[in-house]
Amino acid sequence: MSTNTSSETNTGKALLEERLEGLDHKNFNWQAWKKGTLLVLKRIFGPDNIYVRELENTDYQYNSWSLRDTAGSEDPVKESVRELLRICITEANLNEPLKSNETTNPLQELKNILSQFFDHATLAEIQKIASDDMPAMAKEEQIEKIISDKIPKYQTTLLGKILLWAAEK
């Protein structure tokens, strides 16, 4: 997305939001939705992006209406791809300013990556743990618990983004 203009970025965000809304359509068709969403993700983030691979590896097999009715909530596949698209929208919102401003503080860039995965309250909790007087091992255990509780399915994605960011520096 680094070569996209502002209008292309806005179009990408609008397309992602449209794909997100498509999950709620009455006549939802998984295969058609997935194919269209993959095209949008490839256009915005490139064909080898982790978000593209994540969706490509997602299968919709939770198709029993009676099973879904007894579960009492949204089916796990839709819930998972809904969260994936929210992360993509957040990144699309953050990506353009980061790419266009070469003087961005590296610490701020890292905070921007973390904010794609955690809300403000969680980031404040992490900051509080980091500044506490407890031993480093205790801090790491608390942070590990936050990560496993808040983003159990996207831990690898977060680590991948941080490693890619660090490798570019």
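Predicted model: local features only at pLDDT ≥ 70, side-chain atom pairs only at ≥ 80, totals over all residues.
**Entry 1: helix α6**

I began with helix α6 (residues 106-115), where E109, N112 and I113 are buried (under 20% relative accessible area, with exposed being over 50% and partly exposed in between, for a 1.4 Å probe and protein chains only). These residues span an arc of only 100 degrees around the axis, so they sit on the same side of α6; the arc is taken from the directions that run from the helix axis to the C-beta atoms.

Residues are numbered from 1 along each chain as its sequence is written, and side-chain values use heavy atoms, with hydrogens and water left out.

**Entry 2: the whole chain**

I then stepped back and found nine helices and zero strands in the protein. Helices here are DSSP runs of H or I with at least four residues, strands are E runs of at least two, and numbering starts from the N terminus. Of the 169 residues, 36% count as buried. The protein exposes about 10700 Å², and carbon and sulfur atoms supply 52% of that area (Shrake-Rupley method, 1.4 Å probe). I also looked at contacts (heavy atoms within 4.5 Å): among those between residues at least 6 apart in sequence, 63% join residues at least 24 apart.

**Entry 3: two helix pairs**

What does α6 pack against? I found helix α9 (residues 155-168), at an angle of about 160 degrees and with the axes 10 Å apart. The axes are lines fitted to C-alpha atoms over the stretch in contact, and angles run from 0 to 180 degrees between N-to-C directions. α6 and α9 are therefore roughly antiparallel to each other (over 145 degrees; under 35 is roughly parallel, 65 to 115 roughly perpendicular and the rest oblique). On the α6 side the contact uses P106, E109, L110, I113 and L114, and on the α9 side L158, K161, I162 and W165.

Next I checked helix α7 (residues 120-131) and helix α8 (residues 136-150), whose axes come within 9 Å and cross at roughly 165 degrees. This pair is therefore roughly antiparallel too. I listed T122, E125, I126, I129 and A130 from α7, meeting K139, Q142, I143, I146 and K150 from α8.

Is K78 buried or exposed? K78 counts as buried, at 13% relative accessibility, and belongs to helix α5 (residues 76-100). Leaving out residues up to four places away in sequence, K78 touches L23, F28 and Y60. D24 is 54 residues from K78 in sequence, yet their C-alpha atoms are 9.2 Å apart. I placed D24 in the loop between α1 (6-22) and α2 (30-45), and D24 is exposed, with a relative accessible area of 54%.

**Entry 4: L38**

My last stop was L38 in helix α2, a buried residue with a relative accessible area of 12%. L38 touches V52, L55 and E56, again not counting residues up to four places away in sequence. L38 and Y51 are 13 residues apart in sequence, and 9.0 Å separates their C-alpha atoms.
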